[in-house]
Amino acid sequence: MLRLTIAGNEIELYENEPVNLSYQFSNLQDINASSSNFSQTFRVPLTKKNQDYFGPVNEFGLIPDWDPKTKADAELTYNTIPVMRGFVQVKAIYVQKGKYADVELVFFGETANLSHDIGDAMLADLDLSSYNHTLNATQIVLSWAGGLSSGAIRYGLPDKGQNWTSDSIWTTSDPLEHGDFTPYFRVPKLLETILTTAGYTMESDFFDGATGFEEITDLYLLMNNGNRTPIGTPRVLNNVMLCGYTSDVTVSGSGFTNLTGFSEASPFYDQNNNFNGTTYVTPIRAFYRFRVNIQATQSGPGTTRLTVRLAKGGSTNIATIIDDFSAVQLQNEFISFTTDPIFLNSGESITVQRDISNSGDSLTLHGTGASGPGTTGWEVVEITDPSSGQTVDVAANMPVMKQIDFVSGLQKMFNLVFIPDRNNAKKLYVEPFNTYISSGTSKDWTNLIDLSKDITIEPTTDLQCRQYDWTHSNGKDLVNDLVFKNASRVYGRYRVDDPENDFASGTKEIKSPFAPHVVSYIPGTQFAVHRMLVDTDQDDKTTKDPLPRLAFWNGGEPGNVYLFNDANSATQTATAYPAFSQYSDLEATVTDEDLGYGPERPFHLVEANPLNTLYYKYWSPFVNQLYSSDARKLTAFFRLTRADIATFEFSDKIYLKDTYWRILSISYDATSEDLVKVELLKVLSDIRDCQFLPTGIDKADGKIQFSNPSGATVDQVTRVCCEKYGYRYDNSTSHCYQPFEQ
C-alpha cells in the first residue's frame, strides 16, 4: 500500500483516492523550472492523526502552527519501495457538511528544490574568505603556476580601462601596477561552493576533468564588477575629505605657494585624519580623484594672471586647475574642477598651490562655510581600492550575478542535466546531456507493453520550432558591441533553421547570462587580451556594470611583462604574459574547444577555428535527432511494477521489438499496480552533423582537412560543410581555409 510521510510524520490516506504521479525528463534540464516530478492534486482526510501535523486548518478563526509557506520534506513509498522524495504543498482545505474536512496536496519531486535552496543569493554572498590573499607580485606570479589556492585563482591582464596601446604599454621604467592584474576564479570550484552552501554535494566527471573534458578544469570566471583594481578588505571608504574656507582670505605674492587655513569643521570633514588644514597625505597606493572649487576676486589691472594647481611633494604639478586666468575671468565666477584619476603612492603630500603673476596685486578667496558655490575649498572625491598590498576580498570581486543564474548559465552552455541521487536528494550527479544519455542501461520492455491499449507513434514535428538560437548575452564592450551593431547578433551565436518543416513555427532562444570573453590585440603589440573598453571619446573607457565572462586559462604566452616587485620599489620581468581566451588554446586549432556556440572569425591569430563549439559538442546530437525526418515519439501503456519505476533512469535505453527508445515521461497511479503511461523518443544512430567533418589543418598549405562518412581524410569538400564550421571556401579548388582574423 501507498504511504506518505511529511517531515517524519506518517499521513493517513484515503484507501481509494488515486495519487497520480508524473516523472518528466525535461525537469532534469531546467533547474529554474517551477515544478519537477510531481503528482496531480489529491486529498487526504483530516483525521485526528493528520490533524496532529496540519493543526486545526478546518477551523475558520484559528491559525495553526503549521506554515503553508514552508516546504516540508516528504516521501512516498509503496510496500516499502521508495516512489518519490521531495516536498508537499497544501493547495486547499475542503470542509463538507460542516463536519468532515480534507486537505488537498500536491507532491513535488526533489529536483524542484535546487533552485529554491539556492534562492536569490548573489555570488558575492558566498563565503570565499579562505581564498583571500595579498595583492602583490609574489601572489600574482604564483597564480600563473597554479600555486595560489591550488589553482583556484589565476591572474590575467584584461584591459579594464587602462586603454593600453603600443605607446602606453608597460615598460621597464613604467611597469604594471599589481592592481592592473585581475583575478579569475576556477568554475568547477565555484560551482561546488554554490552547491555546498545550499546543502548539496556534487559528483561530476565533467567538472572533475575526466577524459574528454580535461579542459573544463581550466575554465575560469573573470572576477570584476566594474572596479579598476581588485577590491580589498577592508574597503577604502573612510579616507575621503572635504575642506573649505569659512570666511574670505586674501593672499598675494608671485610663485607657487600653498593655500592654507582650510577648515574641516562641519559641513566639511576629514574622515580619517589625513588632512592638516593645508596638506592631504595619501593613506594608500591607489587612484585618487580631487575636486577644487575657486570663488575669487582679483585686484589690480587685467594684466594680472592667476594659476592654481594640485602639487605633490610641494613642487610637482599633478593637475592644473586654473591656467593663467585674468582678473576679468575670475570676477563673480565660480570655478569647480574635478581631476581624472591620479595614481599616487601612500604617504604622498598633496596641496593646492596658487601663483599670482603680479606680486603687487592681491587675490581674495571667498569663503562662506558652506560646501557649494561661493566657497573656495577642495576635496578628495574618490579613492579606488589599493593597487597593491591589500588583502583581496575574493567574494567582493565577484561579478554582479545571482548564484542560481551562474548555475543555470552553465547548464545552458554545456547542456547539463542535474540528477538527484535516489537515496539522497541532496546529492547531485551533474553531467552534459550526451554523457548522461550514454550512461544508461539497456532494458527490454517488449513483453511489458499492453497491446489492448492504443499505441501512438508520432513524428516530432510538433516538438520543433522553426528557428532555434543559442547565444550569450551582449557584453557591450568595444569588440562585442562592434559585432552586435554590425551583425545584429551577439558574437558566437548559433542558429538552426528548419525551412523544410511546414508545420514548425516560432523561435526558441537558449541564452546564457555570460558575455563572450573575446580576445583582441592591444593596438600595435603582440599581446592578445580581453579589452573591457567602451567605444567612447571620453577619457574613461571602463565598461560600467560588466556582465560576467567565462574563459579558458591558456597559460603563459611569449611576451615580456614588466611589473613592480612586492615593495613597489623596483621592476621585475616575466617572459610570458598570462593568457585567457574563449579557446582552450590561445592559438586554437581544429581539435580545441570554443566557448562560443557557433564558429566566428577571431580577433587574433589562430591556426584554425575549433570544431568543438558549445553547440557542436554539447547540443548538436540532441538537436540533430529531434530534427531528423526519422525522429518519432511513441506513447503506450506498460505493465511496470513499482520496482521497475523505482529503479528506472531517464538515461535507460528501452528496447521495443527492433528499436531502442528513451523515456520522456512516466505517469501512473501510485496507489495501485495499474498500467503505466510512458512517452518515449526514438533513439537514432549517431547522426552526422555534416557530410564532411573537420579534423585538422595541413600546415604546409593551410588547407583544412576533413573526414568523409567512411572515415577517410579529404581536403576537397562541399561549400556547406566548409562554411558551416566557420572556414573560407575556395570555389575553384573546393578547398577550405581558415579566414583571417577580423
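**View 1. Disulfide Cys690-Cys721 in a predicted model.** A disulfide joins Cys690 to Cys721, with an S to S distance of 2.1 Å. The term disulfide stands for a pair of cysteine sulfur atoms within 2.5 Å. The torsion about the S-S bond of Cys690 and Cys721 is about -90°, so this disulfide is left-handed. The pair links distant parts of the chain, 31 residues apart. Cys690 lies in the loop between strand 43 (676-682) and strand 44 (693-698), while Cys721 belongs to helix 11 (residues 719-724). Helices (H or I, at least four residues) and strands (E, at least two) are DSSP runs, numbered from the N terminus. Cys690 is buried at 11% relative accessible area. Cys721 is also buried, at 2% relative accessibility. Buried means under 20% relative accessible area, exposed means over 50%, and partly exposed is in between (1.4 Å probe, protein chains only). The model is predicted: local features need pLDDT of at least 70, side-chain atom pairs count only at pLDDT 80 or more, and totals for chains, interfaces and linings use all residues. Residues are numbered from 1 along each chain as its sequence is written, and side-chain values use heavy atoms, with hydrogens and water left out.

**View 2. Disulfide Cys722-Cys736.** The sulfur atoms of Cys722 and Cys736 are 1.8 Å apart and form a disulfide. With 100° about the S-S bond, this link is right-handed. Cys722 sits in helix 11 and Cys736 in strand 48 (residues 735-737). The two are 14 residues apart, and the pair links distant parts of the chain. How buried is Cys722? Cys722 has a relative accessible area of 0%. Cys736 is buried too, at 0% relative accessibility. A search of the whole structure finds two disulfides. With the bonded cysteines numbered in sequence order, the pairing reads 1-2, 3-4.

**View 3. Salt bridge Asp652-Lys443.** Asp652 forms a salt bridge with Lys443, and their closest N and O atoms are 2.9 Å apart. A salt bridge is a side-chain nitrogen of Lys or Arg within 4 Å of a carboxyl oxygen of Asp or Glu. The pair links distant parts of the chain, 209 residues apart. Asp652 is in the loop between helix 10 (642-647) and strand 41 (653-656), and Lys443 is in strand 31. Is Asp652 buried or exposed? Asp652 is buried, with a relative accessible area of 2%. Lys443 is partly exposed at 22%.

**View 4. Salt bridge Glu607-Lys699.** The side chains of Glu607 and Lys699 meet in a salt bridge, at 3.4 Å from N to O. Glu607 lies in the loop between strand 39 (571-581) and helix 9 (614-627). Lys699 lies in the loop between strand 44 and strand 45 (703-707). The pair is 92 residues apart and links distant parts of the chain. Glu607 is partly exposed at 28% relative accessible area. Lys699 is exposed, with 66%.

View 5. Glu10 and Arg3 form a salt bridge, with the closest N and O atoms 2.7 Å apart. Glu10 is partly exposed, at 33% relative accessible area. Arg3 counts as partly exposed as well, at 38%. Elsewhere, Glu215, Glu593 and Lys617 are linked in a network of salt bridges. A search of the whole structure finds 27 salt bridges. Side chains of opposite charge can pair when their charged atoms come close.

View 6. Two bridges join strand 14 to strand 28 (residues 391-392). Two strands pair if DSSP finds at least two bridges between them. Which residue of strand 28 does Thr233 stand opposite? Thr233 stands opposite Thr391.

**View 7. A nonpolar surface patch.** Leu451, Ile455 and Ile457 make a nonpolar surface patch of about 300 Å². Patches are made of residues with over 30% relative accessible area and no salt bridge; like charges are joined within 9 Å, nonpolar side chains (Val, Leu, Ile, Met, Phe, Trp, Tyr) within 5 Å. Accessible areas come from the Shrake-Rupley method with a 1.4 Å probe; for residues, only the protein chains shown count as cover. Ile455 lies in the loop between strand 31 (442-444) and strand 32 (456-459). Ile455 counts as partly exposed, at 36% relative accessibility.
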